[in-house]
Amino acid sequence: MDGTETRQRKPEELGLSYTLSTERLPRASEDGPLTFPESQRVSPKPLGTELSRETALSIGLQVIVPFMFAGLGLSGAGILLNYFQGKKLRGFSCELTRSPHGLFPETAFTVTCQIMVPVLLSGLGMMTAGLVMNTIQHWPVFVEVKDLLTLVPPLVGLKGNLEMTLASRLSTAANTGQIDDPQEQHRVISSNLALIQVQATVVGLLAAMAALLLGVLSREELDFAKVELLCASSVITAFLAAFALDSRYLTLLVCIGFMALTPVWVLIAKHNPPIMKILKFGWFPIILAMIISSFGGLILNKTISKEQYKGMAIFTPIICGVGGNLVAIQTSRISTYLHMWSTPGVLPLWMKKFWPNPCSTFCTSEINSISARVLLFLVIPGHLIFLYIIYLVEGHSVPNSKTFVVFYLLAGLIQVTILLYLAEVMARLTWSQALDPDSHCIPYLTGLGDLLGTGLLALCFLISWLLRSEAELDAMLELASGPP
């Protein structure tokens, strides 16, 4: 229509009322369309003149400025991402990652690099403790007070009950960004250290009581003259207790002195409410774990002096320590995983089963399964290294048969396999009850590791001795039945 356009407007656009009478409505003629009165007709409005005013230049001026600012913002974001890549930002490593469950992916190689050196160093420490124990087991104090040997696994287990739970709690706090602030870092660390001081004092004395009780049950006698010695040696070291053997008042003073410091540690721990909660309600796991470890100590006490168990003192701290260290590492990793990607009381969808299939614990591509495989594969190489060093240092004090080595490695593998599976189960159970696996799983698992390790080790010595005795008997029979 010659560059013009008309349209019919709605009544509200023309200022007309919605209640028009029928008299004012237009009427249709017989031979034509509707006709409007002159006052209601819309005058045509040319549009081409307004559209022609927007040229390419004006459109460019409107678009280019916002486009440049948006581009500068994206460029700045890219520069910041490149700067913080691999660095710590609010407690997390800023990297471009992809994972089915959102966690930073770790390969078996990276997990091995992180774990191998600490495990070997801690194993060497346990091996040294075993060598020392093999020497001091013949000291007069250990000969006269047999219950001191019962204390060994529980006191070694304090590493899992206290120090490993401390390390696990601090590891979780560091990975979740809770101790990035220096002031908060000092408060958390000091309160945790005060907590384990209180726990060590109380649990040490309880371990002495448990050793005395087990001694009474096994021998049906109680020597009150040695009660103070056991209490003192459970709080300090067996060496200092042996030094104080002839001083009745010194042992009593040691116990009173350590107990007197307990209120000081409690005051320090009160600065951190979560730690105070553990101090109030976290006693059951470590006490029960101490009792479980004490049964391992009873096995050690009954076997260490017998000829067929020669070398038991050397291997007990090693097999107990290695198993406890490995399961504590796995439990700490599972706990950190749950703290980062879930809330207490709510399990992730892929961890809903309380009793998972063992294949899913060891044979999947999930990050906790990868670490479980790595820890399991470290068992045999680690024990072989420790065995080699022991044979170099104390070869005359330990069995040197291949049969014993095979059974010993098998015992270590069985122990760690059971513990790693139970770590997965117990972490899920405690988390579903809104409990922290760092404080409630590790004591149970390390205590069970002490009992399993000591029992399986005694079984290895017994089987090796029986097979050796049978072989010697067969050799003697062959000599006796030979020609004169």
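## Overall build

The chain has 20 helices and two strands. The model is predicted. Of the 484 residues in the chain, 39% are buried.

Contacts reach across the sequence. Taking contacts with a separation of 6 or more, 78% join residues 24 or more positions apart. The chain exposes about 27,300 Å². Carbon and sulfur atoms supply 67% of that area.

## The nonpolar cores

In soluble globular proteins, nonpolar side chains tend to be buried together. Here the largest nonpolar core holds 68 residues. Phe315 and Tyr408 touch the most other members of this core.

What does Phe315 touch, leaving out residues up to four places away in sequence? Its partners are Leu387, Ile390, Val398, Phe404, Tyr408, Leu457 and Phe461. A second core is separate and has eight residues. Among them are Ile334, Ile367, Ala427 and Trp431.

## The aromatic centre

Five aromatic pairs are found in the whole structure. A pair of aromatic rings is described by the distance of the centres and the angle of the planes. One of the pairs joins Phe315 and Tyr408.

Phe315 belongs to helix H14 (residues 312-341), and Tyr408 belongs to helix H18 (residues 402-432). The pair therefore ties together parts that are 93 residues apart in sequence. Phe315 is buried, at 1% relative accessibility. Tyr408 is also buried, with a relative accessible area of 1%. Both residues belong to one aromatic cluster, together with Phe404 and Phe461.

## Two buried serines

Ser168 sits in helix H6 (residues 152-175). Is Ser168 buried or exposed? Ser168 has 1% relative accessibility, so it counts as buried. Beyond its neighbours within four places in sequence, Ser168 contacts Ser332, Asp438 and Ile442.

Ser371 lies in helix H16 (residues 367-377). Ser371 is buried, with a relative accessible area of 0%. Which residues does Ser371 touch, not counting those up to four places away in sequence? They are Val111, Gln330 and Arg333.

## A nonpolar surface patch

Some nonpolar side chains are on the surface. Ile64, Val65, Met68, Phe69 and Leu72 form a nonpolar patch there. Together they have about 530 Å² of accessible area.

Phe69 is one of the patch residues. Phe69 is in helix H2 (residues 56-84). Its relative accessible area is 61%, so Phe69 counts as exposed. By contrast, Phe315 is buried, at 1% relative accessibility.

Most residues other than glycine have a negative phi, and most peptide bonds are trans. Ala434 is not a glycine, yet its phi is positive, at about 60 degrees.

Where is Ala434? Ala434 is in the loop between H18 and helix H19 (437-440). Ala434 is partly exposed, with a relative accessible area of 44%. H18 is also the helix that holds Tyr408.

Notes:
Residues numbered from 1 in each chain as written. Predicted model: local features only at pLDDT ≥ 70, side-chain atom pairs only at ≥ 80, totals over all residues. Heavy atoms only, no water. Patch = residues over 30% accessible without salt bridge, like charges linked within 9 Å, V, L, I, M, F, W, Y side chains within 5 Å. Areas by Shrake-Rupley, 256 points an atom, 1.4 Å probe, with all protein chains shown as cover. Salt bridge = Lys/Arg side-chain N within 4 Å of Asp/Glu carboxyl O. Helix = DSSP H or I, 4+ residues; strand = E, 2+ residues; numbered from the N terminus. Buried < 20%, exposed > 50% of the residue type's maximum accessible area, 1.4 Å probe, protein only. Contact = heavy atoms within 4.5 Å. Core = buried A, V, L, I, M, F, W, Y, C linked by side-chain atoms within 4.5 Å. Phe/Tyr/Trp six-rings, centres within 6.5 Å; stacked < 30°, edge-to-face > 60°.
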